[in-house]
Amino acid sequence: NETPRHGAGEMKLHDMGAEYHGYTADVTCTFPVDGYFTKEQKLVYEAVWEATLAVEQMLCPGVDYREMHLLAERTLLEKMVD
């Protein structure tokens, strides 16, 4: 098999999971192959990070998932429209 080649400006996605004695975890990470985001990639990265922080600040017992989901969507839209 030929190894795929990735170049500058491209993104790489790793989707990893594990299970241990009935406990499971999943981690997905995306990063620029050459270590540098393009302008557009950086915009998306920062919007996703802001949405993550907003949801984490809202997270507490009793908060409906739908409220957190809408907050994340609203944050993404606001950051990506600017």
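Which element gives the most to the lining of the largest pocket? H1 does, with five residues.

1. Ground rules. This is a predicted model, in which local features need pLDDT of at least 70 and side-chain atom pairs count only at pLDDT 80 or more, while totals for chains, interfaces and linings use all residues. Residues are numbered from 1 along each chain as its sequence is written, and side-chain values use heavy atoms, with hydrogens and water left out.

2. The pocket. The largest pocket has a volume of about 150 Å³. A pocket here is an open set of points on a 1 Å grid over the protein atoms alone, where a 1.4 Å probe fits, with protein on both sides within 12 Å along at least five of seven lines; lining residues have an atom within 4 Å of a point. The volume is the space filled by probe spheres set on the points, which are joined across faces, edges and corners. The lining includes Met11, Thr28, Phe37, Gln41 and Val48. Strand S2 (23-32) and H1 are the elements that give two or more residues to this lining.

3. Helix H1. Helices (H or I, at least four residues) and strands (E, at least two) are DSSP runs, numbered from the N terminus. H1 has 20 residues and spans 29 Å from first C-alpha to last, close to the expected 28 Å. The expected span is 1.5 Å times one less than the number of residues.

4. Glutamine 41. This residue of H1 (residues 39-58) counts as buried because its relative accessibility is 15%. Its side chain reaches the backbone nitrogen of threonine 38 at 2.8 Å. A polar atom of that side chain also lies 2.8 Å from the backbone oxygen of glycine 9.

5. Glutamate 10. It sits in the segment before strand S1 (11-20). At 36% relative accessibility, glutamate 10 counts as partly exposed. Beyond neighbours within four places in sequence, its contacts are Arg5, Phe31, Pro32, Val33 and Gln41; contact means heavy atoms within 4.5 Å.

Terms used. Buried < 20%, exposed > 50% of the residue type's maximum accessible area, 1.4 Å probe, protein only. Polar contact = N/O pair within 3.5 Å; in protein donor to acceptor, adjacent residues only side chain to side chain.
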